[in-house]
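Reader: Could you walk me through a structure that is new to me? I would like to ask questions as we go.

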Amino acid sequence: MNLKTTKMSEYKFYFDEDTVDYYVKESEKFGNFHTAFEIYKYIADECDYDGETDMRALYLDLLKQVEDKIKK
């Protein structure tokens with residue numbers, strides 16, 4: 001995962017397309033609550049961040065990217 005901010009995007013962070021697709025499929029299989037929790041665990045365990053505020057921003061951004069892709 002690349003934590004650089006993106007330009008010309010509605011999202012603050014760039015997550016690899018494979019990551020977003022993985023959580024879209026998880027949502028289809030297990031539902032939104034399960035997927036939200038799995039995204040939280042992914043951010044907590046696999047991402048680098050500076051404090052709770054950064055973690056929250058990463059979590060919400062990935063969650064939004066997944067939700068937006070589901071809506072398409």
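Author: What follows is a conversation about the helices of this structure and some of their residues. This is a predicted model, in which local features need pLDDT of at least 70 and side-chain atom pairs count only at pLDDT 80 or more, while totals for chains, interfaces and linings use all residues. Residues are numbered from 1 along each chain as its sequence is written, and side-chain values use heavy atoms, with hydrogens and water left out.

Reader: Thanks. How many helices and strands does the protein chain have, and what pattern do they follow?

Author: The protein chain has 3 helices and 2 strands, and along the sequence they come in the pattern β-β-α-α-α. Both kinds of element are DSSP runs numbered from the N terminus, with helices being H or I runs of at least four residues and strands being E runs of at least two.

Reader: And how much of the protein chain is buried?

Author: Of the 72 residues in the protein chain, 35% are buried, where buried means under 20% relative accessible area, exposed means over 50%, and partly exposed lies in between, with a 1.4 Å probe and protein chains only. The protein chain exposes about 5300 Å², and carbon and sulfur atoms supply 50% of that area; accessible areas come from the Shrake-Rupley method with a 1.4 Å probe, and for residues only the protein chains shown count as cover.

Reader: What share of the contacts comes from residues 24 or more positions apart?

Author: Among contacts in the protein chain with a separation of 6 or more, 51% are between residues 24 or more positions apart. Contact here means heavy atoms within 4.5 Å.

Reader: Let's turn to the helices. At what angle do α1 and α3 cross?

Author: Helix α1 (residues 17–30) and helix α3 (residues 51–71) have axes that come within 9 Å and cross at roughly 65°. The axes are lines fitted to C-alpha atoms, for helices over the stretch in contact, and angles run from 0 to 180 degrees between N-to-C directions. The two helices, α1 and α3, are therefore roughly perpendicular to each other, given that angles under 35 degrees count as roughly parallel, over 145 as roughly antiparallel, 65 to 115 as roughly perpendicular and the rest as oblique.

Reader: Is that crossing of α1 and α3 left-handed or right-handed, and which residues make the contact?

Author: The crossing of α1 and α3 is right-handed; a crossing is right-handed if the near helix is turned clockwise from the far one by less than a right angle, and left-handed if anticlockwise. On the α1 side the contact is made by Glu17, Thr19, Val20, Asp21, Tyr23, Val24 and Ser27, and on the α3 side by Leu62, Gln65, Val66, Lys69 and Ile70. These residues divide into 6 nonpolar, 3 polar and 3 charged, where Ala, Val, Leu, Ile, Met, Phe, Trp, Tyr, Cys and Pro count as nonpolar, Asp, Glu, Lys and Arg as charged, and the others, Gly among them, as polar.

Reader: What about α1 and α2?

Author: The axes of α1 and helix α2 (residues 32–46) come within 7 Å and cross at roughly 145°, and α1 passes α2 in a right-handed crossing. Among the residues that make this contact are Tyr23 and Phe30 of α1 and Thr35 and Ile39 of α2. The residues of the contact divide into 4 nonpolar, 5 polar and 2 charged.

Reader: You mentioned Thr35. Is Thr35 buried or exposed?

Author: Thr35, which is in helix α2, is buried, with a relative accessible area of 3%. Not counting residues up to four places away in sequence, Thr35 touches Tyr23, Glu26 and Ser27.

Reader: That leaves α2 and α3. How are they set to each other?

Author: Their axes come within 10 Å and cross at roughly 135°, and α2 and α3 are therefore oblique to each other. The contact is made by Ala36, Ile39, Tyr40, Tyr42, Ile43 and Ala44 of α2 together with Met55, Leu58, Tyr59, Leu62, Leu63 and Val66 of α3. These residues divide into 12 nonpolar, no polar and no charged.

Reader: Which residues does Leu62 contact?

Author: Leaving aside neighbours within four places in sequence, Leu62 is in contact with Phe15, Thr19, Val20, Tyr23, Ile39, Tyr42 and Ile43. Leu62 lies in helix α3 and is buried, with a relative accessible area of 0%.
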